[in-house]
Amino acid sequence: MGGLLIKMYSFGFKFNKQVLSISVKALSKNYGSQKAVDEISFEAKPGKILGFLGPNGAGKSTTMKMLTSFIPKTAGSAQVCGFDITEESLEVRRNIGYLPENNPLYTDMYVKEFLYFIGDVYHLRNLKSRVEEVIKLTGLEKEQHKKIGALSKGYKQRVGLAQAIIHDPKVLILDEPTSGLDPNQLIEIRALIKELGKTKTVVLSTHIMQEVEAICDEIVIINKGKIVASDTLSGLLEKHQESTLEPIFVKLTKEPN
Ligand code: ADP
């Protein structure tokens with residue numbers, strides 16, 4: 001009976017670990033004496049797109065880098081798909097796809113060659129078919145034989161997304177994926193993110209409020225390293241008696257005069 005209870009408990013525990021894709025608790029990062037991220041807590045659920053908003057310098061990129069085990073935390077904890085960002089960083093990286101701010105890419109490599117290279121880093125067994133699959137998924141068929149440096153910004157973002165999803169991660173962390181795109185590119189990349197968000201948990205940082213209104217299920221607003229709002233769009237609009245997100249964002253993050 002005891003054994004059965006332990007099995008039931010551990011099954012329940014594992015199941016719970018799967019329920020939240022991201023769980024952040026009192027996570028902090030100091031740069032010297034500056035608290036860039038100051039005891040933030042939030043959660044993200046599977047199959048949802050979470051908009052991570054805040055003014056420049058609020059701590060968005062720092063948070064995303066900690067979640068992807070790119071930089072160490074100062075204090076607090078975070079789990080990705082049940083794995084601890086400090087203790088289990090390899091599993092975290094296996095479960096996460098990351099498009100960093102400014103999308104650094106090897107501009108001298110050809111699109112397909114670059115995706116083979118990234119897939120190889122993940123030791124993908126079905127490398128050839130997976131590269132072909134992501135090229136198709138991200139609409140890179142016509143550009144696959146070009147040098148990355150020769151692509152337009154919209155296509156470079158597609159390559160950034162392709163490398164982020166090549167190992168089929170459950171969680172995608174996208175740091176300003178639509179910044180600097182023209183309106184047509186913006187619509188295309190947004191549609192792609194929305195499609196990916198159907199099966200993955202997406203954390204997306206952006207300064208475009210309409211984008212958040214169009215594709216995000218949940219919204220977290222961070223200001224000066226602290227979370228100032230965490231809700232659904234409709235919850236935020238109702239709470240602040242507004243019809244759009246912009247005045248709420250301004251109210252919660254503007255500097256006092
Ligand atoms: P956001 O992504 O919201 O624009 P960041 O996370 O990039 O904000 O930065 C948060 C704060 O931390 C800013 O004040 C920034 O100058 C500082 N910061 C970020 N990275 C470093 C670093 N490597 N060294 C020192 N300070 C940093």
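A polar contact here is a pair of N or O atoms within 3.5 Å; within protein, one must be able to donate a hydrogen and the other to accept it, and residues adjacent in sequence count only if both atoms are side-chain atoms. The model is predicted, with local features needing pLDDT of at least 70 and side-chain atom pairs counting only at pLDDT 80 or more, while totals for chains, interfaces and linings use all residues. Residues are numbered from 1 along each chain as its sequence is written, and side-chain values use heavy atoms, leaving out hydrogens and water.

Start with the oxygen atoms of the ligand. A backbone N or O atom of S61 sits 2.8 Å from one such oxygen, and a backbone N or O atom of A58 lies 3.1 Å from an oxygen of the ligand. K60 takes part through its side chain, where an N or O atom is 2.8 Å from a ligand oxygen. Taken alone, the ligand exposes 560 Å², and the protein buries 62% of that (areas by the Shrake-Rupley method with a 1.4 Å probe).
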